[in-house]
Amino acid sequence: MAAPKEIVDLVDRFENNLASYKSGHYNETQVRREFVDPFFKALGWDIDNEQGFAEAYKDVIHEDAVKVGTTTKAPDYSFRIGGQRKFFLEAKKPSVDIKDDIHPAFQLRRYAWTMKLPLSVLTDFEEFAVYDCNVKPDKTDKASNARIFYLNYKDYLTRWDEIAGIFSKNAVLKGSFDKYAADKKSKRGTSAVDVVFLEEIAGWREILARNIALRNPDLSTKDLNYAVQAIVNRIVFLRICEDRGIERLMKLQDLLNGERVYPRLCELFRRADERYNSGIFHFEKEPGRESPDTLTLSLNIDDKPLKEIFKRLYYPDSPYEFSVLPAEILGQVYEQFLGKVIRLTEGHRAVIEDKPEVKKAGGVKYTPVYIVENIVGNTLGKILKGKTPLEVVLITVLDPACGSGSFLIVAYQYLLDWHRDWYVQNLVPLLQSGLKPSSPEIRRLLPGVETGKKGRTKEPELPVYQGRGGEWKLTTAERKRILLNNIYGVDIDRQAVEVTKLSLLLKVLEGENEETISKQLKLFQERALPDLSNNIKCGNSLIGWDILNDNPGMGQEEIDRINPFDWEKEFLEIFRRGGFSVVIGNPPYVRQEGLGEFKGYFQKHYKVYQGTADLYAYFIERGVSLLREGGIFSYIVANKWMRANYGLPLRAWLKEQCIEEIIDFEDLQVFQGATTYPCIIRITKSKPHTSFEVTQIKTLEFQNLSDYVKENHYNVNQLVLDDKGWFLTDERTQALLSRLKALGVPLSDYLSGKIYYGIKTGLNEAFVIDGSTKERLIAEDARSAELIKPFLAGRDIKRYEMPANDKYLILMPRGWTRERSENSKDAFGWFRQNYPAIANHLQPFSEAAEKRYDKGEHWWELRACDYYDEFENQKIIYPNICKRPEFTFDQNGIYTNQKCFIIPTNNMYLLGMLNSSTTYFLFRSILPKLRGDFYEPSYVYFKDFPIRTIDFSNSADAARHDRMVSLVDQMLSLHKQLHEARTPHEQTGLQRQIEAIDGQIDALVYELYGLTEEEIKIVESV
C-alpha cells in the first residue's frame, strides 16, 4: 500500500526544512513531537493515550529523560501490547549521524539487551535504524553491528508496506513483529543478558571467595558463603540505584581511584544503612530488628579483586544498563547463582561447586515469567476482585519455597498496579473535584488512616502523586506499606532469603530518585526502605521443631542443617486470622531417596506420604494447609504425580480438596534445559466441587497462556477420578472411558498371566551379532547355534507385520545367575570351556572391557532370565514406545530387547482388539505422552486396559469372536503379501484392502462395546 497522506506530508516538510532541522538548534523534544509521534500514530499506536487506558496498559510509555552521568535514565519510548514491552525507541536530533555514530547505537542496544527485547529502533526521522538486540553490545562495536534494517526518510514513501508490516500495532498484535525478530535473529554473537550477568557475578563470587579465604584464614565455610553473598548483593544494589538516579553520592566507580578500596567501600555500606534501613545494610543493633551483620565490615580484602569488579560495571566497559534491568531478570540470574556454594579445602582454599540438592534435582529450574504471571493472576487476581484497599490490608501472599523471589516479585508488582489503578479510579476524581485529603470522603478510602476522631486536623499523606508526565504513581511510603503488609516468603537457604529481599527492595525503589529519597530522610526522618525480616524468613517449610521429639539427641550442626520452622509462631498474627490468603510457587523437585532420615517424619506428618515421592508432594499438602478458609493455592509442579505410583496418596488426598483448575503441559519442555514436564494446579480452601477445569497444552506457541486456557479448557468430573492414575479427559471422554471399563475386564485379568519385558542386554557390540557372524560361529562350532537366537528391537515392530530380523543375540544359558553374569572372568572362562567359537568372538571385547571391570563396572551385564520359553513360543509383541498401537504376532521364536514387551498368547481376537481405533483412543486418554507424540504402553498402565470378553454360550457373541479372528488372519496375510509385492499397482491394491479390513475390525469393536454414533466420534477424534 502507498504511504498514508500524513507520512507524505511529514516527508515533504522534513525535505523542505532539512538544513534547519540538521542544525544543532533543533532538539530531540522537537523531533519527537513534530515527527516521531505522528509517524507512529500513522502506524496505529495510541501515542497520547487518547483511549484513556490505565498506566499499566498504555500503548506507549514516554520515559522521563533524566540525565545520569553521560546517559539517560531510560529510552524515550516503550511500545507495549497489553502492558508487555515489545520494543524501545530512542530518538535523536537530526544533527546526529545515526548511520555511523557508535554512541547512540551502543546506548540503545544496552537498554534493549538488558531488558531482553529482541529488537529496538533508533531514529531522528531522517534515518530509521533497527537493531537485533539479542547480540551482546560492546563498546568497540561499529554503528552497523547488529543493525538489521536501515532507511532514509525518503524511503518511507516507497517502503511503507515493509515498515507497517513489522512495526504497526496491528502487525505486532498479529505476531508479524515477533516472526520478523525470530527470522532476523543473528546466529552469531547472541548471548542473553541473564546468561552474561550470571557469568559476571559468578566471577565476582570466585575472585572474592578466593581472596577473602586467603586474607581471613580463621573464617568458616558458613561465614565465607555469607560474606561473599552479602558483598555481591550490596554491590548490585548500589550499582542499580546509581543507574536509576537514586544514588549520586555513593558511586562505586570513585573507588577505582586510590587504595584501601574495601575500607572505603565499607563506608559506603554504612552510609547506605543510614539511608535505607534494609537488611542488605544492617550493622548496628536496633530495637525490633534481627541481629546485625558484625562480620563483613571487619574482613580483609585486597584492592585488586574489587577494582576488577567495579571496572566492569560502568560505561563503556559495561554492556548493562542497570536502570532498566528488570527485577524478574535479576531474580532469574540469582536463581542460577544460588545453585552453587563455596567450599573450603583443607588448605583453606575456596572452591565453587554445585549444591548437593541442586545437583540431585538436575540443576536449577527457573520458572518462565508467563507461568508466574498466570499463577499470580489466577490466585491474587481473583482474591482482589471487588475489594478496596482497606479490605486488601488483610490479604497475605506467601511463597513457601521462594528461592530468589520470582513469584513474590510478580505478586508485589500485581499489588502495586492494582492499588495505583484503584486510586486513579476512585481517589483521584475526588481530589480533582476539590476535596482535601482530610475530608471524610477521602480519609475513609485510605488504609492506615484513623477516622472519626475529633480534633484531628493533620492531613493524611496521600498514597499517590502525579509524575512529570502527568501519570499517577504510588508514593514510596505506600509501596513500602503494601510490601510489608501483603508479601511473605520462606526458604531453607539463607542466601535465597537475602536475594529475595534484595529483589523486593529494588522494586520498592523503582521510580524513585536521589531527590525523593533525600526528601524522605529530611522531612520524615524515615529511611527509604523497610526491614523485611518479619516477611521473608529462613526455615524448612516442611519440617517443624517437633522433629526434636523423635530425635532428642540431635546435635546443633544437624539442627542448623535441617533448619526447622514453626509456621504459627513465625507468622502468629496471620494464623490468628486463619492463615494466608494466597499460597503460590514452584517448590523443589527432589526425590526423597537421599532423604531417608526424614522419611519417618514425613510419614507421620503428611497424608500424601509415599516412600519414593518427590518433595513437591509434601509442599502441595503443606501449602494448602497454610491457607485460610477461602484462600487460593497454586503451584507449578512436575505432572508425574498424575500417574506415577508415588502419586497415589497425593491423588487420593487431592480428591478431598476443592480443585479449581489443572493446566497440564504434557510433554512440553517448559523449563529451559530441563526434561521435567510440569502442570499448574490451583486449589481453593473449601469443600470440594464435583468437577474442575482442565487444559492440556499442546504447544508453547501462544501469545498469552490465559487466552489459550480460555479457548481450550474443559471440565473433568472429580468424583470419578481413579486413584490408580488420573487421566484428565473431558466429561464426555471420561464417561466413555468409564463405560469401556465397565464392559471389559482389565488386560491383566483377561490374560491370567504376565506381560514380559524383552531381554535386558548389556554390551550389545559383543552379544548382538549380524547374520554373517552367526554363520561363521556355527561353522566353527555347531554347538554355538544353541545360544544364538533371532533378535529384534522395538523400532523393528510394525502392526500386523511379520517381524523381520537381521540381528541375532548370543544368550546366556538357562540357569545362569546374575552373580555369575557380573563376574566377567568367570563367565568368559565358562564360554571358553563350553562354546569356544563364541569365546573367540568375545575375546577382544573382554580385553577392552576388563579395564572397566577393574574399576568396579560390570561389563558382562547380559542377563539370563527365567522365561526363555515365552520367546520360543507363539506370542504377541509390541514396542515400549510408539505413536499408535503397534501389535504384531510372532511364531518364529524371535527374541526381543528391553524396548519391547511380549504377551505370551496366540489369541488373534486379542490382537485385533489391541490394534483397533478403540485401543488408540485408550492410548490417547490413559498412557503417558512423551515428546514427539509418542506413547509409552508400559505394564503399569497397560494392564488396566479394558478388554471385551466373549460369552461363547451366546451364539451372536461367538460369531463376533470368529469374525474378528478371520479378519485378523486376513490382516496378517495381507501384510505378508504387501511385504513381498514388487509392483506399485500390487502394493496400492493391497494397501487399500488392508485399510478396508482395518475399518471392518474397528466397526466390529464398536459393535462389541455397543458404542453409539456420538461415542464413535469421540473414539475417532484425533
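Helix H31 passes helix H40 in a left-handed crossing. The model that shows this crossing is a predicted one.

Two packed helices are described by the angle between their axes and the distance between the axes. Here H31 covers residues 731–743 and H40 covers residues 917–926. Their axes come within 12 Å and cross at roughly 120 degrees. Angles of 65 to 115 degrees count as roughly perpendicular and those over 145 as roughly antiparallel, and H31 and H40 are therefore oblique to each other.

Which residues of the two helices meet? On the side of H31 they are Thr733, Leu736, Leu737 and Leu740, and on the side of H40 they are Thr918, Phe921, Leu922, Ser925 and Ile926. Of the residues in this contact, six are nonpolar and three are polar, with no charged residue among them.

The next element is a sheet. It is open and is formed by four strands in the order E23-E30-E27-E28, with antiparallel pairing. At its edges lie E23 (756–757) and E28 (888–890), each of which pairs on one side only. E28 has E27, residues 875–879, as its partner, and the two pair in the antiparallel sense over three bridges. In this pair, Lys875 stands opposite Asp890 of E28.

These parts belong to a chain with 44 helices and 33 strands. The chain has 1022 residues, and 54% of them count as buried. How do its contacts relate to the sequence? Taking contacts between residues at least 6 apart in sequence, 71% join residues at least 24 apart.

Technical notes
Residues are numbered from 1 along each chain as its sequence is written. This is a predicted model: local features need pLDDT of at least 70, side-chain atom pairs count only at pLDDT 80 or more; totals for chains, interfaces and linings use all residues. Side-chain values use heavy atoms; hydrogens and water are left out. Axes are lines fitted to C-alpha atoms, for helices over the stretch in contact, and angles run from 0 to 180 degrees between N-to-C directions. Angles under 35 degrees count as roughly parallel, over 145 as roughly antiparallel, 65 to 115 as roughly perpendicular and the rest as oblique. A crossing is left-handed if the near helix is turned anticlockwise from the far one by less than a right angle, and right-handed if clockwise. Contact means heavy atoms within 4.5 Å. Ala, Val, Leu, Ile, Met, Phe, Trp, Tyr, Cys and Pro count as nonpolar, Asp, Glu, Lys and Arg as charged, and the others, Gly among them, as polar. Two strands pair if DSSP finds at least two bridges between them. Buried means under 20% relative accessible area, exposed over 50%, partly exposed in between (1.4 Å probe, protein chains only).
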